Amino acid sequence: MTMQRTTQDWQAADAAHFLHPFTDFQGLAKKGARIIERADNIYLWDSDGHKILDAMSGLWCVNVGYGQQALVDAATRQMQQLPFYNAFFQTATPPAIELAELLAEVTPPQFQHVFFSGSGSEGNDTVVRMVRRYWDLLGQPQRKVLISRHNAYHGSTMAGASLGGMSGMHAQGGLPIPDITHIEQPYWFEHGKGMSRDEFGLVAARWLEDKILAVGPERVAAFIGEPVQGAGGVIIPPATYWPEIQRICDKYGVLLVSDEVICGFGRTGRWFGCETLGFRPDLMTFAKGVTSGYVPLGGVMVGDRIAKVLVEQGGEFNHGYTYSGHPVACAVALANIRLIREQRLVEHVHDDVGPYLAAQFAALRDHPLVGDAETCGLMGAILLIQDKAKNTPFPESREIGMVCRGHCFREGLIMRAVGDRMIIAPPLVITRTQIDEMMALIRRCLDLTLADARAGGWLS
Ligand SMILES: *Cc1c(COP(=O)(O)O)cnc(C)c1O
C-alpha cells in the first residue's frame, strides 16, 4: 500500500536528496520547496491544493498551456512504436525528418536545415562549434571570437554560460571560456539617460561595431543575442537596435545568431522574435516552446549561407548528441507546432491578447510603485521604482522584487522577479478574461508591496 505523502514529507525528502538548479541549497532546506502536483490550461495546483495562475508558462515554455491531449497522444503513440533510435551512423527516424521539414516551413525562408539538441544550452554549444567549423572550412580559422551581451542568458553549459552575460555565473567555474566577449545590453533605463529610445538603440548597436574593431574584424566569427532578453528581465530593445545590428554584422561579414529559445514559437506575436524585431539571422537557437516543455528538445536552425558550406565542402562535423532528433521529442514537437497552427495561436497573440496585454500594462504606469511597464507580444516587465518623480530606483539591498514575488505566491500568481523588474510570459492560450484575472492579481500584489514599502519607510 502506498501512503499519500504530505507536503512536509515531500519537503523533507527533497531537502535530503535533490540539488535544485540555480538554488541556494541551505536557504531552500530551511524554507522547504513548493511542491507542484498538477496543472491544466494556465493553472497549477500545489501539494496543499492551492490553485496558482502560472504567468511564467512554467519556465517560458508551456506555450500551448497545460493538459493538451494531442501532445500526450503523440508521445504515447511514438513510445509504443519506437521510443528511441539515434540519428548517428547515417540513420534517421520519421518524426525527426518530419519535424525538420515542418521547421523549415515555419521559420524564415533562409532556414532549410536543422541540427537537433536536447536543450537550449546544448543548442548554443552547437552554435559555437558550428560557427567555428564554418570559418575553418572557409579558410579563416582565426575567426573564433563570438560577441554577446552583458545580462544575456544563453544557458548553463560551459559554452552557454560563457555566451551569457550573467556575472554571477561567470564567477563560478572560471568562465567565460576563451574567445567569447561581451558588450553592454540595450537597456534604456540603465544606459539611455538623456536620449530618446530610438537614439539610444543606434548608440547601443554601435557598441557592437566598436567591439568588432577592437577585437579585429578578421577575428570575429559571430554575434549572438536574444531578440528580447528574457531571463535578464524582459529587456525590450528600441526598434532601431536590431536593424542597426544587422547592418553592422553585414558590413564586417560577421554571422548573426538569434537565440530564439524564449522568443520562438509565437511568444512575440510572430513565429520568431527576429521577425518582430526586424532582422535576418544566419542561425537560430530554439528549445522551450518547440515542445511547449512537455518533453525536452532543442536545436539550431542553420541558414543557407552556413548549410551550403557545411554540406558542400564536406568532411565530418565531429559533433552531436545521443538525443539529437529523439523520436518522442520530435513527435511531441510536431503535435505542438500543428496545434499552434490549428488554433492560430501566433495570430491570437499578434492580433488579440498581445495588444490587450499591452493596454493593461500601460494602465499600470499610474501605480505609485511602477516606473514603467512594457510588453512585447506575451512577455511583459514591470519596473518597480522608489521615487517616480525623481526616477530613483530602490537600493538593491531592499530586494523589492522578492518582496513583491512573495506576495504573488501567497495570492496565487506566479510572476518572476529579476532585480526590480517583475516579469511575466503567460501561456499563449490565455484569454482576455484570464488576462483580466491576472491583472487583478498583479494589482493586488503591487498594492501589498506598496503597503510594505510605506509601512517600512522605504519610499523616502
Ligand atoms: C532557457 C534559455 C536557454 C537555455 O535553455 P535550456 O533548455 O535551459 O538549456 C538558452 N537561451 C535562452 C534565451 C533561454 O531563455
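Author: Here is a walk through the salt bridges, pair by pair. Keep in mind that this is a predicted model. The structure holds 15 salt bridges, so let's pick a few.

Start with Arg219 and Asp179, whose side chains meet at 3.2 Å, N to O. Arg219 is in the loop between α10 and β7, while Asp179 is in the loop between α8 and β6, so this pair ties together parts that are 40 residues apart in sequence.

Now for a pair within one helix. Glu244 and Arg247 form a salt bridge at 2.8 Å, N to O. They sit three residues apart in helix α11 (residues 241-252), which means about one helical turn separates them. Glu244 counts as buried, because its relative accessibility of 8% is under the 20% cut-off. Arg247, on the other hand, is partly exposed at 37%.

Next up are Arg305 and Asp282, with their side chains meeting at 3.5 Å, N to O. Here distant parts of the chain are linked again: Arg305 belongs to helix α13 (residues 304-312), and Asp282 lies 23 residues away in the loop between α12 and β9. Arg305 is partly exposed at 33%, whereas Asp282 is buried at 12%.

Finally, some salt bridges share partners, and that joins Arg197, Arg365, Asp372, Glu374 and Arg421 into one network.

Definitions and conventions:
Residues are numbered from 1 along each chain as its sequence is written. This is a predicted model: local features need pLDDT of at least 70, side-chain atom pairs count only at pLDDT 80 or more; totals for chains, interfaces and linings use all residues. Side-chain values use heavy atoms; hydrogens and water are left out. A salt bridge is a side-chain nitrogen of Lys or Arg within 4 Å of a carboxyl oxygen of Asp or Glu. Helices (H or I, at least four residues) and strands (E, at least two) are DSSP runs, numbered from the N terminus. Buried means under 20% relative accessible area, exposed over 50%, partly exposed in between (1.4 Å probe, protein chains only).
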